[in-house]
Amino acid sequence: MSLKVVHSTITPETASWKDLEKEGPIIADTGNSQLYGTGNWVPKKLDFYEENCINCSLCWAVCPDDAIVFDKDGNMVGIDTEHCKDCGMCVEICPANKNPDTEKHALVFEDDYRDDF
Amino acid sequence: MPKITKRTEKTLDGNHAAAEALRQIHPDVFGFYPITPTSYIGEKFAKYVADGEVDTEYVCAESEHAAMSICVGASAAGSRAVTATASQGLILMSEVLYNASGMRLPIVLINGNRSLGAPLSIHCDHGDAMGVRDTGWIQLMAENAQEAYDFLLCAPRIAEDKEVRTPIMVCMDCFQTTHTLMNMVIESDKEVQKFVGEPIVVNPLLDIDNPVSYGNFDKPNFYMEHRRSQLEGLLNAESKTTEVFADLAKTFGRGSASLLDEYRTDEAELVVIVMCSTAGTLRKSIDKLREKGQKVGMVRLKMFRPFPTKTLRKVLSAFPKLLILDRMSPAGATFGALGSEISALFYHDDTPHPKIRNAIYGLGSRETHFEDFVKIIEDFDQLPIEPKWINLRED
Ligand code: SF4
Ligand code: SF4
């Protein structure tokens, strides 16, 4: 069986339907999840309090979306809100968040508007 | 059946003819779950596998939903995948049918047009095929075993074309075609394989050096564009089918490039529009009426999806009266599927349009004889605007 392979590329959001791959809605490139800002659906925002963080990297280890941002010196500097999906795993694992004093927490969800209902 | 080395005349039913076509096409994967009337296709093909006639991966599924899912996976992986089903099976597949067309997988399906339950019926009508008419599949409607065989030889070429990339179903009537013997021609294996050609595989999942991802999520910013792009592939199937039909006629000397089969339509004042096996009965009705000097003819559609809109508009606008036969309940619509589609062809501009009447016939294989069609054609001017149910006990 001969395989005739055609590969498509990532399509810009301004593309007309005529510019889309004729072979259908496949993704034929790797390493492209960065290009999709799936974090803009989240119902509540995750805030990072740098002064409470002990730089343990546990949040980085559990984040399924690679949305924990470190600087080049290995300091946790914040959340990539373009890609954070609000799963809350970092919030759960963060040792700073175990402090009974919520003022000392490092990863805190803003109030969810749904809590009002 | 052992390998066929030269063009042979055989007496086969539609199922056997379809199984022969599949043996010759030699697909990579056959995902199957049995159902009347097309179980025999799977059984026959299983024997070919057991006898070593083909080395197709024959997968026994636990349902039709699974059988079509197997085809989706196999096709995305980069193989030529086929299945056969009917009725409840086709409807159970329907969720996956949408996925197959949306992912642009050129799967080939054979359907034995069978009525739907409840009440349970194993007999013929077009309720199943028409029920999935908007799943984005190409639908070819075969009149008899020979045509089912011929359409199947064309099917992979149409579906796999770079401009089409759309799954295709070949529909033949339950029992009337699937189980009725016919003298027909089977071409040699070699000639068929030459005609069908190697599978055209695009972006296979098994090409691990070039990884791709199928069945992805679309946000509102792309969903409409992908749907429109998918439609273009389906619409392209019209000209591609004409091209492949023409090649079939040239290579094997059967059929024609046309998506329509016109019978005695010269100077016709009334034309009956029909699909599949009923055309045989209707030809006799038309002959009878022509003998009496009535100018009537028949147009049979070989393709229902994409609906051959432009061709039909051109051909049908020449006739003052159209009687459209639907083998399904309108189920609350103005007309049956064919009636609604044909009506929608007209009323776009000021040019005169034909007078249209819709008749429902043959549900669950209710007998409809050539005299019944003669009568309804003669009664055309007295028919109500609403669909007329032929041979329904009304009083
Ligand atoms: S909430 Fe989930 S996705 Fe967002 S940064 Fe934390 S672990 Fe990552
Ligand atoms: S888990 Fe908490 S303390 Fe550890 S690096 Fe992340 S934010 Fe800082």
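Buried means under 20% relative accessible area, exposed over 50%, and partly exposed in between, using a 1.4 Å probe and protein chains only.

Some ground rules. This is a predicted model: local features need pLDDT of at least 70, side-chain atom pairs count only at pLDDT 80 or more, and totals for chains, interfaces and linings use all residues. Residues are numbered from 1 along each chain as its sequence is written, chains are lettered from A and ligands numbered from 1 in the order in which they are written, and side-chain values use heavy atoms, with hydrogens and water left out.

Helix 2 of chain B, then. Helices here are DSSP runs of H or I, at least four residues, strands are runs of E, at least two, and both are numbered from the N terminus. Which residues of helix 2 of chain B are buried? They are S39(B), I41(B), G42(B), K44(B), F45(B) and Y48(B). Their cover includes helix 1, strand 2 and strand 5 of chain B, where contact means heavy atoms within 4.5 Å. After the helix comes G52(B), with a positive phi near 75°.

Next, salt bridges. The rule wants a side-chain nitrogen of Lys or Arg within 4 Å of a carboxyl oxygen of Asp or Glu. Over all chains, the structure holds 30. Take R23(B) and D189(B), which pair at 3.0 Å, N to O. R23(B) sits in helix 1 of chain B and D189(B) in helix 7, so the pair ties together parts 166 residues apart in sequence. R23(B) is buried, at 4% relative accessibility. D189(B) is buried too, at 9%.

K240(B) pairs with D161(B), closest N and O atoms 3.2 Å apart. K240(B) is in helix 8 of chain B, and D161(B) is in the loop between helix 6 and strand 7.

R283(B) and D261(B) meet at 2.8 Å, N to O. Salt bridges with shared partners join E143(B), E147(B), D261(B), R283(B) and R300(B) into one network.

Now the interface. How many salt bridges cross between chain B and chain A? The rule finds 0. The two chains bury about 2600 Å² between them, 61% of it on carbon and sulfur atoms. That is accessible area, 1.4 Å probe, lost on putting the two parts together and summed over both. In chain B, N203(B), K219(B) and F222(B) lose the most area to chain A, together 21% of what that side buries. The contact takes 30 residues from chain B and 26 residues from chain A.
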